[in-house]
Amino acid sequence: MFFKKRSFEFLMLVVLVVLVSGLAIAQEEKIQLSVWGMPWEDAIYTQYAIPQFEEQYPNIKVEFLRFENYWDILLTRHAGGNAPDVQRNLDENYGSMRLRGALLPLTEYVEGPDGMSLDDFHPVALDAITKDGEIWALPQDLSPRNGLYYNMKMFDEAGIPYPTADWTVEQMADVAQKLTMGERPRVERYGISWADRQGLLWFIYAFGGDIWAEDGKKCVIDSEECLKGVNFALDLIYEYGAAPSYVEVTPEAMEDLFKAEKVAMFIGGGWNIPAITRDVPDLEFGVAPMPLVNGERTTILGQCIFEMSSQTKHPDAAWKLIKHLVSPQALTDYWQRTWVAAPSRLSLIKDPEIFENIIGIPGHVPAITDPEEFERKLGWMRDIILNGEFTTAHVGDFYTELYEVHLRDALELLAGPRRGDVKAILEEVAAKTNKDIEGFYKGQ
Amino acid sequence: MQKSGKVNPYSSACKLNLYGLGKERKMFGLFSRRLKERGYNPQLAISGYLFVIPVLIFVIVFIIIPVIVTFGLSFFEYDGIRPPRFVGWENFIDVLQDPVTWQSLKVTLYYLVGTLPIAIVLGFWLATLLTDKRFEKPRSILLSVYFLPYIIAYVAVGFLWMWLFDPLTGVVNYLLSLVGVNPLYWLRDPIWAMPTIFIIATWKHLGWFLVLYITAIQSISKTYYEAANIDGISTKWQEIRYVTWPLVRPTTFFLLTMGFISALSVFDIVYVTTGGGPANATKVIVLKIYEDAFLQLKFGRASAMTVILVAVMLVAVWYQWKYYTSMVEGK
């Protein structure tokens with residue numbers, strides 16, 4: 001009888017345990033976070049952001065996904081109805097996803113009871129991810145696409161002072177010409193180079209151009225201002241003979257050219273700094289803000305953002321994760337360890353104890369311990385952000401069509417073995433992009 | 001097997017316990033009878049089917065269904081996110097009216113003409129050399145050397161040659177500069193880009209052509225050469241011209257067909273080395289399909305282009321086959 005009673009109690013206990021654990025499993029939510037990047041960047045999420053989040057929310061488990069061919073796979077997963085709940089993206093690319101209904105707006109969550117203040121984020125940066133009165137993502141970083149890298153040894157040898165914030169674009173061209181050694185086709189060293197279309201976009205915006213009109217529904221890369229900027233870039237190649245054409249060097253090899261000391265100056269993004277510091281530790285270089293054009297400075301600024309898929313079955317949990325990924329703690333870890341782009345929160349940039357404390361990732365990303373080195377390589381980034389000397393106007397819903405297809409196809413026509421007919425080529429690029437835009441709205 | 005009413009315990013059907021089931025047993029019996037009526041051994045036939053099923057599932061899931069979906073999708077507007085919208089023949093008309101499609105087709109044919117004949121001629125010529133007695137000893141080493149590029153991944157091959165052909169820092173231009181030749185822009189020059197890809201593709205694929213030709217040549221009986229010698233053939237060139245070349249014709253046909261299909265569907269080597277540039281000079285048709293689908297999110301249009309490409313391939317291969325059979329039959 002005793003055993004029978006005990007057995008019954010034991011059975012009830014087992015049932016209770018099963019029920020409770022079943023309830024706990026039922027309450028546990030699993031969400032996915034997808035990112036792209038170098039494998040060693042995974043640590044930012046897997047060792048810091050996600051464990052911190054799961055500690056704060058024990059009932060939410062985050063599956064971390066890093067894809068090669070990120071955008072192809074993201075699209076394929078969308079098509080298969082299996083899109084990650086939270087996706088890291090570029091502000092330039094989010095428009096095509098939003099237009100097609102792949103994203104959930106975050107406004108309701110930002111303003112809701114579990115919301116957050118956006119005061120710490122730069123309004124210009126937020127503007128790029130706000131459309132139709134809704135905010136569609138939250139930014140992880142503020143990533144200047146153009147800084148003026150300079151090889152200190154080459155400047156010293158030529159007796160030329162390093163670039164400063166008050167440099168003009170004419171000074172830049174003049175110095176680039178002076179630092180060029182040899183003549184095409186046998187150039188030993190070029191004065192300046194720029195990476196891919198990013199550099200070309202800088203010339204367009206610095207000279208007062210804009211690639212979009214009518215709220216991003218029309219491409220105007222063939223406008224007079226845009227032509228002025230592109231023509232100045234081509235002058236550097238063909239008139240000054242100070243920059244390589246697009247047939248002489250691949251965009252991917254631009255950074256290598258600077259590392260190999262085959263070019264004195266290089267217009268590159270902030271993310272090139274840790275890579276160059278790591279790969280060529282002996283290379284003495286600094287980075288200055290882009291020069292003034294007609295007394296004004298502008299820099300193309302991109303952002304990595306976190307967006308929520310419209311296919312998510314756990315929007316509340318996904319929101320919590322997004323909120324955590326842009327929290328001061330997560331962004332501090334991101335900046336201090338990868339230092340590829342400034343954190344999106346202005347309070348972190350303004351705080352020298354956080355912003356100037358570069359820890360790195362041992363074996364992958366170097367640390368910066370010397371304040372002089374920090375100022376020389378990263379001071380410009382802080383200055384242009386806090387001075388608001390940047391633009392996000394290049395972000396448009398049809399950026400991929402323009403940038404990845406039509407402008408890319410035209411580069412070697414613009415700056416190939418010979419200087420191209422800029423007006424005709426950009427008119428064709430604009431026409432093709434506008435045809436795509438019209439096609440999209442016609443098909444809706 | 002079933003006539004005596006005894007069950008063979010080792011039969012596949014028995015292992016699957018088909019005999020222990022009622023309805024199923026009847027069905028199996030019917031199936032078995034039908035196989036017998038057609039002259040098959042039911043046990044062997046069923047075992048065969050069981051072995052084939054995994055591959056069949058693979059073929060259905062990864063080949064047949066995608067082919068059907070692609071064909072169906074070509075009549076829809078679809079961006080991978082929103083539901084597909086039926087547009088009839090619009091995608092086909094759009095593709096055929098787009099000058100970039102024709103440019104891509106031209107570029108693809110240029111690639112075909114620039115790579116396949118060279119690989120056939122070089123492969124055959126090297127095979128005749130390597131099957132010669134003088135090369136008996138170093139044959140296996142040389143064959144390994146020639147075949148090595150074939151097993152290297154396209155990405156590695158692409159990066160290797162991009163580095164060699166880099167206009168400013170590449171080894172090739174450096175060597176040219178030593179003999180006073182001005183640097184060439186190779187993969188970056190709209191005129192030179194495709195011929196440079198010819199070099200890379202031929203280097204990569206030659207080993208495959210070579211191995212097949214060597215196998216074919218080695219399988220030719222010596223009696224043919226002896227008979228030819230009696231008939232008055234005395235030089236090596238005559239042997240190759242009148243004996244070897246005609247007898248390796250099936251291999252040549254196979255290589256032509258496979259090379260043709262692979263050239264029309266070329267993607268990797270171009271994607272890695274030039275990405276279709278400079279100025280669309282190397283934008284082959286499959287790269288255009290990829291861009292339409294994954295960059296412009298026009299999956300319907302990309303599917304229509306794929307259907308057209310497959311149709312072109314089928315027609316061309318059919319003509320090749322007709323030509324080959326007419327030659328064999330001496331028509």
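A residue is called buried when its relative accessible area is under 20%, exposed when over 50%, and partly exposed in between (1.4 Å probe, protein chains only).

## About the model

This is a predicted model, in which local features need pLDDT of at least 70 and side-chain atom pairs count only at pLDDT 80 or more, while totals for chains, interfaces and linings use all residues. Residues are numbered from 1 along each chain as its sequence is written, chains are lettered from A and ligands numbered from 1 in the order in which they are written, and side-chain values use heavy atoms, with hydrogens and water left out.

## A helix in chain A

Let's start with helix α10 of chain A, residues 224–238. Helices here are DSSP runs (H or I, at least four residues) and strands are too (E, at least two), numbered from the N terminus. Among the buried residues of α10(A) are A:Leu227, A:Val230, A:Phe232 and A:Leu234. What covers the buried residues of this helix includes α8, β11, α9, α18 and α19 of chain A.

## Where the chains meet

Now look at the two chains together: 34 residues of chain B are in contact (heavy atoms within 4.5 Å) with 37 residues of chain A. They bury about 3,100 Å² between them, 55% of it on carbon and sulfur atoms; buried area is the accessible area (1.4 Å probe) that two parts lose on being put together, summed over both. B:Ile81, B:Leu168 and B:Arg188 supply 24% of the area that chain B buries against chain A, more than any other three residues.

There are five salt bridges between the chains, where a salt bridge is a side-chain nitrogen of Lys or Arg within 4 Å of a carboxyl oxygen of Asp or Glu. One of the pairs joined in this way is B:Lys298 with A:Asp436, at 3.1 Å from N to O. Helix α14 of chain B (residues 285–295) gives the most to the side of chain B that touches chain A, with five residues.

A:Trp339 has a positive phi of about 35° although it is not a glycine, and it counts as buried because its relative accessible area is 0%. B:Trp186 also has a positive phi, of about 40°, and is buried at 8%.

There are cis peptide bonds to find as well. One joins A:Arg184 and A:Pro185, with omega about 10°, and A:Pro185 sits in the loop between β10 and β11 of chain A. Another runs from B:Gly277 to B:Pro278, with omega near -10°; B:Pro278 lies in the loop between α13 and α14 of chain B.

Conventions. Expected span 1.5 Å × (residues − 1).
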